[in-house]
Amino acid sequence: MASTAAAPSSSAFISRRRGLASAAAFRGGASRIRSPRCVLGSEQLRVVDEGKRVAATEPRAKVWTPRAPAQEPRFAALQPEARDSRMKIFSGTANRPLAQEIASYLGVDLGQVLIKRFADGEIYVQLQESVRGCDVFLVQPTCSPVNENLMELFVMIDACRRASARTITVVIPYFGYARADRKAQGREAITAKLSANLLTEAGSDRVIVCDIHSTQALGYFDIPVDHIHGQPVILDYLASKTISKDLVVVSPDVGGVVRARAFAKKLSDAPLAIVDKRRQGHNMSEVMHLIGDVKGKVAIMVDDMIDTAGTITSAAALLKQEGAEAVYACSTHAVFSPPAIERLSGGIFEEVIVTNSILLPESKCFPQLTVLSMANLVAETIWHVHRDGSVSSIFQ
């Protein structure tokens, strides 16, 4: 959709990305919010004398606090009247700070919407501004409470559809119900397919998801899906750190080998190790043995999500037994269901690095936790979708 004034090339803004504040997510407390420039993993680690790894092009990231949020909006060069008023961004109640960061990066105001609950818990949604003929983007991760947030998203989609929105794009930083993506046993429901059908029937025209649990679930949608990855944000942060030992990327299970291999390739082609486990049931796992060498190295464990942290902490304990000097945990989605906080803060991890795809309350923060903002990455994706550009070009 063309705006009334020529906007600068989208590629020109990739080098200007800057993190924003999750204004209401963390106030004080023990957590550390870090928001490095989202340069999609272009800064890799290089080995210098005595095996010391340093960042190739970027200095160490500074500790960032949300007291005085400052950003360089995408439309800074345009006059307010010249901005494209046909792009509207609305947020549900699941992660409004992230939606606010996205809107600020794009230089637009977050759409006004009234969301409330009736006495019996029913959800009421009313848009407070016109969306007729507009490209609407609804930002709503389906995190806990999952059913509440998912139903709220359905009602928001219906409200936009009945308000004559031109297109409705659902932006789901964390897609719940994606773990049940196949029939592993008899008489099981495939909730990933069910959720995809419900989103389509509600009236959404396109879906943007980040690090879905299983990529095969993308095929369950009958509408276009843009799948983005949170790894570049984590890679950019790791590139800013100075690690004195050799790195080894570890997959906590066999199913995450492809993800870990891609991660290792961008870390100067670091070696790969795999933890073999046997799962006893849902949210229960038993580590068996390690494939690979981690002795005397810094292990970076990579996963798409941390739920109860049973798998990743058991794997970290095994890495320590095998001689790893330090263990870092990296994950896009910080679900942190009990007893995850107790396990992660027990001292086995040097640092737990996650993104703000899920809004973390202060009660779920601990000293080893580092939260990176993925707002710039999502905002770039929204801009490319709005202007009919290539989303995959962001990651090249």
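1. Basis. The model is predicted, so local features need pLDDT of at least 70 and side-chain atom pairs count only at pLDDT 80 or more, while totals for chains, interfaces and linings use all residues. Residues are numbered from 1 along each chain as its sequence is written, and side-chain values use heavy atoms, with hydrogens and water left out. Helices (H or I, at least four residues) and strands (E, at least two) are DSSP runs numbered from the N terminus.

2. Helices H2 and H3. The axes of H2 (residues 146-162) and H3 (residues 191-202) come within 9 Å and cross at roughly 25 degrees. Such axes are lines fitted to C-alpha atoms, for helices over the stretch in contact, with angles from 0 to 180 degrees between N-to-C directions. H2 is therefore roughly parallel to H3; angles under 35 degrees count as roughly parallel, over 145 as roughly antiparallel, 65 to 115 as roughly perpendicular and the rest as oblique. In contact (heavy atoms within 4.5 Å) are Leu-150, Leu-153, Phe-154, Ile-157, Asp-158 and Arg-161 of H2 with Ser-195, Leu-198, Leu-199 and Ala-202 of H3. This contact has seven nonpolar, one polar and two charged residues, where Ala, Val, Leu, Ile, Met, Phe, Trp, Tyr, Cys and Pro count as nonpolar, Asp, Glu, Lys and Arg as charged, and the others, Gly among them, as polar.

3. Helices H1 and H8. For H1 (residues 96-106) and H8 (residues 375-386), the axes come within 9 Å and cross at roughly 60 degrees, which means that H1 is oblique to H8. H1 contributes Leu-98, Glu-101, Ile-102, Tyr-105 and Leu-106 to the contact, and H8 contributes Ala-375, Asn-376, Val-378, Ala-379, Glu-380, Ile-382 and Trp-383. Nine of these residues are nonpolar, one is polar and two are charged.

4. Helices H4 and H5. H4 (residues 231-239) packs on H5 (residues 257-266) at an angle of about 40 degrees, with the axes 11 Å apart. The crossing of H4 and H5 is right-handed. Gln-231, Ile-234, Leu-235 and Leu-238 of H4 meet Arg-259, Phe-263 and Lys-266 of H5; four of these residues are nonpolar, one is polar and two are charged.

5. The cavity. The structure holds one cavity of 30 Å³ or more, and the largest cavity has a volume of about 40 Å³. On a 1 Å grid over the protein atoms alone, a cavity is a set of points where a 1.4 Å probe fits but cannot get out, and a pocket is an open set with protein on both sides within 12 Å along at least five of seven lines; lining residues have an atom within 4 Å of a point. Grid points are joined across faces, edges and corners, and a volume is the space filled by probe spheres set on the points. Gln-231, Ile-234, Arg-259 and Phe-263 are among the lining residues of the largest cavity, as are Asp-211, Val-302 and Asp-303. At least two lining residues come from each of H4, H5, E14 and strand E15 (326-334), and E15 gives the largest share, three residues. The lining has four nonpolar, three polar and three charged residues.

6. The second largest pocket. This pocket holds about 490 Å³ of space. Of its 27 lining residues, Cys-143, Ser-144, Val-146, Tyr-174 and Val-335 lie nearest the centre. H2 and strand E14 (298-306) are the elements that give two or more residues to the lining. The lining divides into 14 nonpolar, eight polar and five charged residues.

7. Backbone geometry. Most residues other than glycine have a negative phi, and most peptide bonds are trans. A cis peptide bond with omega of about -5 degrees joins Ser-144 and Pro-145; Pro-145 lies in the loop between strand E7 (135-139) and H2. Another cis peptide bond joins Pro-338 and Pro-339, with omega of about 0 degrees, and Pro-339 is in the loop between E15 and helix H7 (340-344). Arg-187, although not a glycine, has a positive phi of about 65 degrees and is found in the loop between strand E8 (167-172) and H3.

Technical notes. A crossing is left-handed if the near helix is turned anticlockwise from the far one by less than a right angle, and right-handed if clockwise.
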